[in-house]
Each structure stands twice: as structure tokens, then as C-alpha cells.
Amino acid sequence: VAAVEPLPERRSLLAAALPFTQALLAQVGRTLARAQAALSWPEGSPPSPLPPPSPFAPLSDADLRTYLGPGGRLLRPHDLRLHVYHGGVEPGLRKVVWRYLLNVFPAGLSGQERLAHLRRKAGEYAALKALLAARAAPAELALVGAAVRKDVVRTDRGHPYFGGPEDGHPHLAALQALLTTFALGHPRLSYCQGMSDVAAPLLAVLDDEAQAFLCFC
């Protein structure tokens with residue numbers, strides 16, 4: 001099989017299947033390791049704890065401060081990303097850290113400059129949302145709005161942030177506006193099913209439509 005050059009369509013299928021295959025083999029390996037450990041336990045003795053999955057604990061506020069310099073400037077963005085990659089982020093800190101990870105801020109900004117940047121971007125988002133809604137043809141606006149609405153009303157409705165009646169729900173309205181603005185501003189891509197699943201946690205954590213839009217972009 002290795003000596004046979006696959007056809008282009010077969011090659012694309014093989015490339016697409018490779019990550020799934022690797023993940024499956026890794027899971028099988030972990031399962032076998034647990035089974036072997038279970039079979040080797042002496043009768044009546046508790047299982048030995050598995051080694052920690054990474055050398056890092058979730059990023060805390062104290063950890064984040066070690067990556068910041070004078071004025072709150074981020075000095076070691078690569079190290080910060082590695083820490084989050086290996087250990088994750090404490091839930092209460094996600095609102096701050098996700099904005100770093102999703103490149104909302106230009107490099108080298110101080111804490112005060114980041115606040116000013118967010119205020120400026122919020123104004124730009126409001127202007128962009130109004131401009132795109134006014135410039136779009138009524139048929140296009142209705143088509144995009146309907147496609148977005150179909151997903152919005154069923155995305156994470158079990159979560160307290162999005163739960164409750166649909167009519168007049170401020171968070172559903174914010175999610176609708178965020179995704180509609182993105183679709184109108186990117187007509188070649190427009191809205192694709194599943195975008196709501198990416199935008200919803202951003203909005204729920206940041207609790208700000210403009211900042212969630214920036215992170216989503």
C-alpha cells in the first residue's frame with residue numbers, strides 16, 4: 001500500500017482522516033495503559049494515582065502577573081500561551097486571558113492603553129454594525145438574519161446565560177447581532193452553521209457584544 005501513489009481524492013481523504021486516526025490510537029494507548037495498571041494491582045490495594053497530565057496548573061492571577069512587565073505590558077506572550085496550552089486558565093480569569101490569546105490587543109500596550117483600545121474598538125463595532133445593516137439589501141438582510149436566528153435560538157439554551165424565553169432576551173439578541181454583523185461584513189464567507197457554537201462561549205464569558213465580536217473575528 002505504501003508503494004502505491006494514492007489518487008488525489010483518496011489522498012485528501014487520507015489527510016482528513018489522519019488527525020482522527022492519531023487521536024484514536026492515542027486513546028487506545030491510554031486505555032491499554034489503564035487496563036494494564038488495573039490488572040497489576042494487588043488484591044485489595046487502591047490504584048496508584050495517574051501522573052498529572054501537564055507540568056502546569058491552570059493559569060492564576062498571580063501567574064499572569066509574572067508574564068506582565070511595568071505598566072501591565074505583556075512581556076512573554078509565547079510563554080503565556082504555553083502555560084495556557086498545558087494547564088488551561090482559571091475560570092474567573094478567562095475574560096482577561098482570552099483577549100490576549102485571540103489577539104485583540106496590539107503588542108506592547110500598557111494596561112491603560114488596552115482599556116482605551118477596547119473603548120475605541122467598541123465604537124468602531126457599533127458604527128460598523130449600523131453601516132452594514134443600512135447598506136445591505138433587504139433580501140440579503142432577511143436571508144442572513146434568518147440563517148443566524150435558526151442557530152441562535154438553539155445554541156447553549158441550557159446555559160443560564162442563554163436560558164429563558166426567546167422574546168426580548170438580551171443575550172440572544174447580542175449573539176444574533178454579532179453573527180449577523182460578521183456575516184454581512186464577510187459576504188464571501190457569510191454565516192456557516194456552527195459559528196454560533198464558537199461565538200456563544202465568547203459572549204457568555206466576556207459579557208460584552210463588541211469584545212466578543214473582536215475575539216470571534
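Helix H7, residues 170–185, and helix H9, residues 209–216, have axes that come within 10 Å and cross at roughly 40°. Axes here are lines fitted to C-alpha atoms, for helices over the stretch in contact, with angles running from 0 to 180 degrees between N-to-C directions. H7 passes H9 in a right-handed crossing, where right-handed has the near helix turned clockwise from the far one by less than a right angle, and left-handed anticlockwise.

A word on the source. This is a predicted model, in which local features need pLDDT of at least 70 and side-chain atom pairs count only at pLDDT 80 or more, while totals for chains, interfaces and linings use all residues. Residues are numbered from 1 along each chain as its sequence is written, and side-chain values use heavy atoms, with hydrogens and water left out.

Which residues of H7 meet H9? From H7 they are Ala 174, Ala 177, Leu 178, Leu 179, Thr 181 and Phe 182, and they meet Glu 209, Ala 212, Phe 213 and Phe 216 of H9. Contact means heavy atoms within 4.5 Å. The residues of this contact divide into 8 nonpolar, 1 polar and 1 charged. In that scheme Ala, Val, Leu, Ile, Met, Phe, Trp, Tyr, Cys and Pro are nonpolar, Asp, Glu, Lys and Arg are charged, and the others, Gly among them, are polar.

Leaving aside neighbours within four places in sequence, Leu 189 is in contact with Phe 182 and Met 195. Leu 189 counts as partly exposed because its relative accessibility is 44%; buried is under 20% relative accessible area, exposed over 50%, partly exposed in between, with a 1.4 Å probe and protein chains only.

Now the other loop residue, Ser 60, between helix H1 (8–40) and helix H2 (61–66). Buried or exposed? At 15% relative accessibility, Ser 60 counts as buried. Not counting residues up to four places away in sequence, Ser 60 touches Glu 90 and Leu 93.

Finally, the whole chain. The secondary structure comes to 9 helices and 0 strands, these being DSSP runs numbered from the N terminus, H or I of at least four residues for helices and E of at least two for strands. Of the 217 residues, 29% count as buried.
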